[in-house]
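These exercises come with worked solutions. Try each task before reading on.

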Amino acid sequence: MLSAVDLSFQINNKQLLQDASLDVKPGEVTVILGPNGAGKSTFMKLLCGDLLSSSGFITLDGNSTQSLDRRSMAQRRAMMPQSSNVVFPFSVYEIVMMGRSPYVSGSETLHDQRIVKTAMQCTGVSGLAARNYNTLSGGEQQRVQLARVLTQIWSDGNGVDEAARYLLLDEPVASMDLAHQHETLRIAKQFAQRNAGVLVILHDINLAAMYADRIAIFQSGKIVRQGKPNDVFDQELISKVFGIEVLLSEHPTLGCPLMVSLPRPISDSTNQIDNYQAGVA
Amino acid sequence: MNELVADKPQGLLKFRSRPELIMAGLGMLLFATILLAICSGAVSVTPGQVASILFSKLGINLPWEYEMRDELVVMSLRLPRILLGLLVGATLALSGAALQGLFRNPLADPALVGVSSGAALGAVSFIVAGGALLGVVPDGIQPFLLPLAAFGGGLIVAMLVYRIGVVDGQTQVATMLLAGIAINSICTALIGMFIFNSDDQQLRDLTFWTMGSLARNTWAIFFPVLPFLLIPCIGLPFLARAMNAYVLGENEAGHLGFNVEQLKKLTIILTSMAIGSAVAVSGIIAFVGLVVPHLARLLLGSDHRRLLPSSILLGSTLILVADIISRTAVVPAELPIGVVTSCIGGPFFLWLLINKRTLRGE
């Protein structure tokens, strides 16, 4: 289990995260929801080691992650960034193969090549293998990056007697079309079932409701609620956290919660554009 | 985008599936260039005679006959010059490739980061102001003073750039690149000031450092700098896999299990060692560090495990070709090699920019 215990992070006297505790359990997809600036990405950066917490700690199976060496950490924890800019012309195949770095010394084996091929089929980028990564669209690049992080913690066995692996995805579906959004989360869910813990930051509450085993809601640097989708989805809470009226209903076929947002009227007294124009006139 | 069409490798990409063939081709090209470099010049020597001369040192007699003069030219003039040229070209191109990777910027180049001009400034200040030292120092050390001054200048700039670039223990590559550019222009200005204040003989010497030349190389210079040129050539290729991951981003390389801080430090130390000593023996030779890595990427792709060795081979070849031209174009005088590399490299680089979309990372 990958656990955050009372994590806090502050920079320049600004508290970005305060006492956040969360367990990422193998076999589950945990989704982080919250408005912009709520500390979601900061939390994930702490979990993947990009930032060091001001207080609190992170454990992997009960051991502090700081006591583990980089390479064995990399074999168990992979992180997919929001976007990745590659300056030089690398082929898609080469990018995905970099996921095997923690296992390779020298050149890649047939075993590595097989994993890369499977992961690329899995995320539907096999046809792009020889393409220059920089020529791809944003959504295609995200699918390539997904294939790369999958190969990094790929397991051949059924996962029963192996150490669990952890996949951290920071807004993985941000540039994807609707079908690929579902496809990506389906892959994440499948991957979780092979003894992996998946943590995903999402903006779409309904996608979260469909795929999450557990949900944590962030607001102003704190986790304000966590639990199963049915337990955390509370019309009043969501309205308060996101600052917009919502209606809670039920998905017509899946039975999971379904959220519909209710926009404010286009013209009202708090509309800045109207106020500005009124002021100018 | 049509995925069926996209599956076919286009243009040069299809050759990349046989990297070992290209690498062997580059090796043979280098060998042929070395042979041509030994044989051509004011005194021409045949390849057979060269073989005879070299093997006679091992006590083996080959049938090709040669004169004493030929042996002198080959052993004392051309061989040290070619071997040094080889190493200088290799280290410049290799450092260029490594710095481009480190700065994640296709424009990074030993000259741009300021190390080259720092080394040149060290040499220039010694030529103009170091005369007083010559009386004090024992004769045996005197030939080393100028290269040492260049090496020291390069090292000081590298350390300065590195110091400025490290904020709160984190290396900030963008800051380092900008610091390098600023220090580069300071060094260039100071060199200009020395040139303004120098007499005719000094001016001729100064041209050597600012435009580059392999003409002064002898065995006496070769052996002292040999380790400083060889260590980076051997060390940097070991960092290739980490450099690949680093292309994805600093954090991403860390997630893949690489020690990013160590990678940055080692790259800085090894490249400044390479560039400092290269400038110390041959002055600033422009464009090799910038053009060769791009050329190598076109031939073999961006994977540093192939990019670094192929840059070594291509860099050596390019320097030797440029040196042959500089020796033979205006006999009995010599063109500065930096003039030749810029004349070939500049237009060639423009042609690449205009014609090869892969170079621009598109």
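How many disulfides are there over all chains? The count comes to 0, where a disulfide is a pair of cysteine sulfur atoms within 2.5 Å.

This is a predicted model, in which local features need pLDDT of at least 70, side-chain atom pairs count only at pLDDT 80 or more, and totals for chains, interfaces and linings use all residues. Residues are numbered from 1 along each chain as its sequence is written, chains are lettered from A and ligands numbered from 1 in the order in which they are written, and side-chain values use heavy atoms, with hydrogens and water left out.

**Exercise 1. Describe the aromatic pairs.**

Step 1: rings of Phe, Tyr and Trp (its six-membered ring) pair if their centres lie within 6.5 Å; planes under 30 degrees apart count as stacked, over 60 as edge-to-face and the rest as tilted.
Step 2: a search of the whole structure gives 6 aromatic pairs over all chains.
Step 3: one of them joins A:Trp154 and A:Phe191, whose ring centres are 6.2 Å apart with planes at 50 degrees, so the pair is tilted.
Step 4: A:Trp154 is in the loop between α5 (138-152) and β7 (165-170) of chain A and A:Phe191 is in helix α6 (residues 178-193), so the pair ties together parts 37 residues apart in sequence. Helices (H or I, at least four residues) and strands (E, at least two) are DSSP runs, numbered from the N terminus.
Step 5: A:Trp154 and A:Phe191 are both buried.
Step 6: for B:Phe222 and B:Phe223 the centres are 5.2 Å apart and the planes at 80 degrees, so this pair is edge-to-face.
Step 7: ring pairs link B:Trp219, B:Phe222 and B:Phe223 into a cluster.

**Exercise 2. Follow helix α9 of chain A from end to end.**

Step 1: at the N-terminal end of α9(A), A:Asp234 is the cap, with a side-chain oxygen 2.9 Å from the backbone nitrogen of A:Glu236.
Step 2: within α9 (residues 235-242) of chain A, the residues A:Leu237, A:Ile238, A:Ser239 and A:Val241 are buried.
Step 3: after α9(A) comes A:Gly243, with a positive phi near 70 degrees.

Note on methods. Buried means under 20% relative accessible area, exposed over 50%, partly exposed in between (1.4 Å probe, protein chains only). A polar contact is a pair of N or O atoms within 3.5 Å; within protein, one must be able to donate a hydrogen and the other to accept it, and residues adjacent in sequence count only if both atoms are side-chain atoms.
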